[in-house]
Amino acid sequence: MTAVQPALASLASQMVVDGVSKGFGLGILHQQVLHDCSFGLERGKLSVMIGPSGCGKTTLINLLAGYESPDSGQILLDGKPISGQGPDRLVVFQETALFPWMTTFENVSYGPRVQRKLSRQVYEEETMKLLELVGLKDFKDKYPSQLSGGMQRRAELVRAMINQPKIMLMDEPFRGLDAMTRALMQEYYVRLFEQHRGTNLFVTTELEEALFLADRLLILTNRPAHVKKVIEVGLPRPREFSMLTSREYQVCKQEALELLHEEAIKSFAAGVVNAADFLEAYSRMGNDQAVPAPKGKDTPEPGNRELSS
Amino acid sequence: MPQGSGQGFNTVKLKKKIFSRATFRGIAAVVVFAVLWELCSRFQVPIIGNVPPPSSVLKELGQQLANKAYWLSWKDSFIRILTGFIVAQILGIPLGLLLGVNQTARELIYPVFEIMRPVPPLAWVPIAVIFWPTNELSMIFVTFLGAFFTVVLNIIGGARSIDARYLRAAYSLGSTRGDIFWKIMVPATLPSIVVGMTVGMGITWAVVVAAEMIASRSGLGFLTWQSYVAGDYPMIIIGMMSIGVAGYLSSALIRLIGSRMTPWLRSF
């Protein structure tokens, strides 16, 4: 049976994805999204998964959360195959999924309220504590529509956290926020993580965000996606934004950029629809503020070199 | 961002709203309308000139306001409306939720429902008069039909268009099926219930007035028709306006209840 541990998952892995494939559509419309995808999520570590938009990250999250099941391969949590969805694996989505008819307080306390394991007094106290932690105490009686985008994300974050899931799955949770709010949210999130040290999987398309948050960086290939490489990010915790100029950061960034660039060129040559996306995202990464472009690689002009390969 | 201070009653804002330019224009529009109407009547403008002028309507209204029979018409119509409307909600809301949530029920019941629905409520009047023991019951029944179909249809639509994200999130957080129904589906459908109620209330007034003209000896619809038969023209206008005011009041009541039911949709 599971005699051999998958190559990319170590013994410390709490969640193991082993040779998972998933496709959609029938016949000629069939699209293979994931192919033989294997990796592990280490206990108490923040793993960040990065890949171009449309490469299958959300599909992967849906599989891990149990909303869908893989065509082949298996997903293990604490050594046991997962079945369906449950409060042990919670997702914070791209778009807000706060219930519009509940106040912030009711939203955050929803999990414990329906699970009926804790007494009302205990979970209400816990809710208040978490709301205070993310600066939403004064907004506990407001409805989601009355909160700003950043506040909604924070409310959603603690609505998941209060259940103390074994795995937190963050599906591009800060996408679409303005740069200031985004930086603020990254800080909130990294502090929450550093206090609680749960097992987290954070999905993003932004390399800088990825490196700032990650203990381990999982780099995905284009469709059909699998994990290309795992980079250990050796930056100390607690994380500070000032670390973004450190040498360690530069080294990680360069390695990641090279890997991502390879993928971009490959998919561009293969005529993958979203390759243009990928290249654009890549060129943005190379140009971002204050950080010099990696040595030996000029800013990529989409597809002017190895295109013929 | 909304501030926390908006809890108390804001009198300054209210005053500003009451004495605003929009209010002034509204009053001016009504006054100009009344004056034009009066002039048309005085100078015997063809067709419009046959309508009794506001002056005589107002004089008649002054007498009617002190008349017990006039207020009895209000009472009778309102009882019919409210009975039909409330029964429609009591039966329609659960049925709508059942059809919206349960596919088997929908496949079994909806076809029959779809055959009955396009029949205008007023077309039911003759058969209703035949099978209900009293005219009163048949009118309430027809009123009920007017609201019932609207409510059920709106709820089915609302329940079926619940965003899958909410259901996913709710299941993930550990909800039972009961939680999903009571804490997610019912509140998510409330806005559609309110819409159904609002539209349904409008339809019930249209239906009850016509039904009263056909099959009743009382109510605002009957009052209007009776005045026509008796040739009391100012009274026709009063009947019409009373129906308008009654309809407006009922809608306002529904809006009030609706906004209580869906506090998260209020704009602050």
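The model is predicted, so local features need pLDDT of at least 70, side-chain atom pairs count only at pLDDT 80 or more, and totals for chains, interfaces and linings use all residues. Residues are numbered from 1 along each chain as its sequence is written, while chains are lettered from A and ligands numbered from 1 in the order in which they are written.

**Exercise 1.** Work out how β1(A) and β2(A) pair.

Start with the runs: strands are DSSP E runs of at least two residues, helices H or I runs of at least four, numbered from the N terminus. Strands pair if DSSP finds at least two bridges between them. Here β1 (residues 13-24) and β2 (residues 31-42) of chain A are antiparallel, with eight bridges. Now pick a spot: A:V16 sits opposite A:G40. Finally, check the six residues between the strands, where A:G25 has a positive phi near 85°.

**Exercise 2.** Check the length of α2(B), then its cover.

The expected span is 1.5 Å times one less than the number of residues. Next, count buried residues (20 or more other C-beta atoms within 10 Å of their own, C-beta atoms placed from the backbone): zero in α2(B). After the helix comes B:Q44, with a positive phi near 55°.

**Exercise 3.** Find what chain A puts against chain B.

Contact means C-beta atoms, placed from the backbone, within 7 Å. By that rule, 24 residues of chain A touch 19 of chain B. On the chain A side, β6 (89-92) and α3 (110-115) give two or more residues each, and α3(A) has the largest share, four residues.

Note on methods. Buried ≥ 20, exposed ≤ 12 C-beta atoms within 10 Å, placed from the backbone. Contact = placed C-beta atoms within 7 Å.
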